[in-house]
Each structure stands twice: as C-alpha cells, then as structure tokens.
Amino acid sequence: MGSPAVVHGEHILLSTLIYRSRIREEFSSEMLQQLAAAGRRRNAAMGITGILLFDGVHFVQLLEGDKARLDELFESIKHDPRHRNIVVLLRDQGPFRRFEGDQLAMLDLRVLSSAKVSSLIHDKLEERTSQACSDDRVYKILMWYALARGTDHIVEGEDAQCWRWVAAPPRDAPPESGDRGLAYRFALQPIVDPLRREVTSYEFLIRGAEGGSPEQLFASIQPEQRYRLDLESKAEAFRLARRLGLKDVKLSVNLLPMSLTGIPGAVERLVEQIVECGLSPSQVVVEVTEQEAISCLEVFSGAIEQLRRAGVGIAVDDFGAGFAGLSLLAEFQPDKLKIDRSLIQNIHRSGPRQAIVRAIVQASISMGITPVAEGVELVEEWSWLQAVGVERFQGYLFARPATAGIPAMNWPERVVPLLLPTQP
Ligand code: C2E
Ligand code: MN
Ligand code: MN
C-alpha cells in the first residue's frame, strides 16, 4: 500500500479525477512541454499529483489530491482556452495516491511505443497497489486511452458556436365551439429530426384545466377514477390533433398500463377515439414508462398484443430511470425507446453517461427500435447524441410544450466556422 493521504502533516480527503479533453487549435511540442511544466508547478503548490497522456489531439489527465483543491483546479481547467470537449471519465475517492512523487508525469503517445507506455503505467501502479493493478479501474481507463489506436473509440460533439438557430413561429389551434367543461387539457411538444427540420411526432402531455402539471391533476382525482380519466382524456388529445390537422405525423400519448388493463375494452375504446377523430391507429404511439411496464408486464402483455393488432405503436418512456434496464428489452421490444433525461443531461461532459447511452443506442438500433433522446436542453447534448446515431430528439432546445397549439420551434443551422485571425 502507498503512503496514507497526508499532506504537510494534515489529513486530506483524497480524490482522484480523470478527464479527457481535446486541444483547441494547433499544439506544438514546445507548447506541450510548457503546459506540463506549468502543470507541475501548479500541482506542487496545491498538493496534487498525476499523469498526463497526449496523443496529438486529446489529453487524458489523471489528477489526485485533496477534494476541494481538485475541484478548484478542475474549475480552472474547464475555463482554460487550450482545452475543449472536457469529459469526466472517472471521479473517485481513494485511500492512497497512485502517482505519489509525480507532480505531473507526462506520456507523449506520439513518441513512445505501446509496449513502453503500457509498462510505464503498469510499473507506476504496481508500486502503489499491493495487488495486481489489472483490477484497478484507474489502470484500465488509462490503458484504454493509452493503447487505443486511432480515435474511433472517442465520440465528440460540436461546440454551440458551430450552430445558429432559426425560429419557426407557433401556430394556435382554431377556437373550439363551446366549452366542454373538462378538468384537463393537453400541451403539445414535438419530437424532431433536427437535421431534416422535421417534426416526426407530437407528444400530448396532460395538464389541469388551469395548466397544472400531470402529477397535480392525477393527485386531485379519486384513485379509482384515475385510470378512467387517463383513458377518456385521450379523446380530447385526438380532437386537438384533428383541430390542428395533424395528418402526416405520429401522435404520442402517455397511458398508465393500468388504464389499458384495468378497464374492460380499453384498447377498443382507444381505437374508437382515434377513428372518431378521422385519425389512423397506425399514426398513434402509446408511451408507457419503463417502471410501469416491468411491474405489470405479465398483465400488460395482453394489452400490448391488442395494441399491436390494431396497428398502434408502443414506446418505452423514461428508459434508464427505472430498475428494469436492458432486461426489459430482452422481454419486449417497443417501436421507440425514449432515453430518460437523467442520462441525457450533460452527456457531453460525462464519460459514464456516454458509455451507457452508446450501448443503449447500439442495442436499440440493432433491434430495429428507434431511440429518442428526451429533455435535450443544450446544443452540446444534441450534437453528441447525433454523433452516436440518435436522430430523434425532444426537449426545450427545439421546442417547449405549448397548450394553445403547435409551439414555436427552433431549428439548427450550421455555421461554417471561420478561421480565427491570428493574434498580432
Ligand atoms: P414524459 O412522458 O416523460 O414527458 C416529458 C416531460 O418532460 C414533460 O413534463 C415535458 O414538459 C418535460 N420536458 C420536455 N422537454 C424538456 C427539457 O428539455 N427539459 C426538462 N427539464 N423537461 C422537459 P410534463 O408535461 O410535466 O409531464 C410529466 C410526466 O407526466 C410525463 O413524462 C408523463 O409520464 C406523465 N403524463 C403526461 N401526460 C400524461 C397522460 O395523459 N397520462 C399519463 N398517464 N401520464 C401523463
Ligand atoms: Mn412521454
Ligand atoms: Mn419521459
């Protein structure tokens, strides 16, 4: 075991951080030497040790030291104009330093052989760990980046500056004849293919009569009436679709599985509502959350079969937020898989999220399931997801839900980055 986490006789909360970044512009060998030298001075002053890998385009840096110091340092790295696309690969607590005595070891992968790089990392870590280091996550991550040839394993999106936004105005629904005195109404939010500037689907999100959230609305209703209201409310969603003339676009509605399984003839009723509004069942997608789907898959599978026979599509909502995960997909393959916002948020900054979402997207695509990213708010999130093959997006970046009709849209337009004038 290496030395305990003590600096100047004081106990510290020893943390380890590994991040990856990309150089902004050209980066000469002198600049690399300067960067490493400055890094060593700064680390010495802050009680931080670590290692820096550079492949000519990407940095992978491990830093270890007191948690607060490390956070402080990482904040300044995030604002350092020499780095872009900073992605956290690992953040962990540990009982000892792996690079004790190295203010900043530097491995220039362009000049060292693979065998040399691998023995350097291996030897450093074996010194510190009492067991073989091959089980160590830090070792495995460093080796993965140190030995990977080419950069196919790295997916990077683009900066926000690469795109500008073109607004499309909202379109209000024509007024209704008479007030039906309903306790609810619907907000619409598009699901889009941004590069084709196409709305592929509208999701109908229930609201209270005064615009309250779905949770508030369902909480205000007697439990035994909830499923009935959930099912019957869809008639209003389809009427809104008719008023807006939504013909060549999918219509997504949310339903609790119990709203289909707990009410006799529920699927027939849903189909009747669709047809009454002059819509086609194959235009409609029923969204159920992952959690609900798995908790009653036995009962729900009957309803799924009925929906399928009627031609209604099925989406698994909030995928990744529940507990079923990929095992749900082994049992049942929907038409669409909506990846939960908890996995999408800041994906451009998180190595673990990137690994998980890439696996979900690859699994979906190979099963013929369309992955949809939910809750996309940032250009960087969208751009990263687009780079791994996601083509359908829902989120405030493109449109917020609107109750009056079709919401205002934002479409991305590529700005070809101009070469920056050289500094005088
Ligand atoms: P959901 O089906 O996952 O719908 C997406 C939710 O995320 C919506 O919240 C939407 O407003 C919100 N959202 C969309 N884009 C963004 C974004 O970029 N950032 C963030 N932070 N949020 C975004 P909403 O409308 O409050 O709906 C919440 C949940 O209520 C829905 O989640 C759905 O599970 C449920 N729900 C909505 N309508 C119905 C319904 O008719 N029946 C049933 N049973 N449940 C419904
Ligand atoms: Mn939904
Ligand atoms: Mn969702």
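Trainee: Where is the place of A408?

Mentor: A408 sits in the loop between β18 (405-406) and β19 (409-414). Keep in mind that this is a predicted model.

Trainee: Is A408 buried, partly exposed or exposed?

Mentor: Burial is read from relative accessible area, with buried meaning under 20% and exposed over 50%. A408 has 39% relative accessibility, so it counts as partly exposed.

Trainee: Which residues is A408 in contact with, leaving aside neighbours within four places in sequence?

Mentor: The contacts of A408 are A168, P169, P170, F398 and A399. For a sense of distance, take F96: its C-alpha is 54 Å from that of A408, and the two residues are 312 apart in sequence.

Trainee: What does L246 touch, not counting residues up to four places away in sequence?

Mentor: L246 touches R171, L188, Y202, F204, A241, L251, L279, Q283 and I406.

Trainee: Which residue bridges the manganese ion (ligand 2) and the manganese ion (ligand 3)?

Mentor: D317 bridges them, and the two ions lie 4.4 Å apart. N254 belongs to strand β12 (residues 250-254) and D317 to strand β14 (residues 313-319), so the pair ties together parts that are 63 residues apart in sequence. D317 is buried, at a relative accessible area of 6%.

Trainee: How many residues surround ligand 1, and which are the closest?

Mentor: There are 25 residues around ligand 1, the closest being R207, D230, D317, E377 and Y396. Then look at the polar pairs. In the side chain of D230, an N or O atom is 2.7 Å from a nitrogen atom of ligand 1. A polar side-chain atom of N254 is 3.0 Å from an oxygen atom of ligand 1. Y396 places a backbone N or O atom 2.8 Å from an oxygen atom of ligand 1. On its own, ligand 1 has 800 Å² of accessible area, of which the protein covers 81%.

How values were computed. Residues are numbered from 1 along each chain as its sequence is written. Chains are lettered from A and ligands numbered from 1 in the order in which they are written. This is a predicted model: local features need pLDDT of at least 70, side-chain atom pairs count only at pLDDT 80 or more; totals for chains, interfaces and linings use all residues. Side-chain values use heavy atoms; hydrogens and water are left out. Contact means heavy atoms within 4.5 Å. Donors are N, O and S atoms within 2.8 Å of the metal (3.2 Å for Na, K and Ca); water is not among the atoms, so sites may look incomplete. Helices (H or I, at least four residues) and strands (E, at least two) are DSSP runs, numbered from the N terminus. Buried means under 20% relative accessible area, exposed over 50%, partly exposed in between (1.4 Å probe, protein chains only). A residue is near a molecule or strand if one of its heavy atoms lies within 4 Å of it. A polar contact is a pair of N or O atoms within 3.5 Å; within protein, one must be able to donate a hydrogen and the other to accept it, and residues adjacent in sequence count only if both atoms are side-chain atoms. Accessible areas come from the Shrake-Rupley method with a 1.4 Å probe; for residues, only the protein chains shown count as cover.
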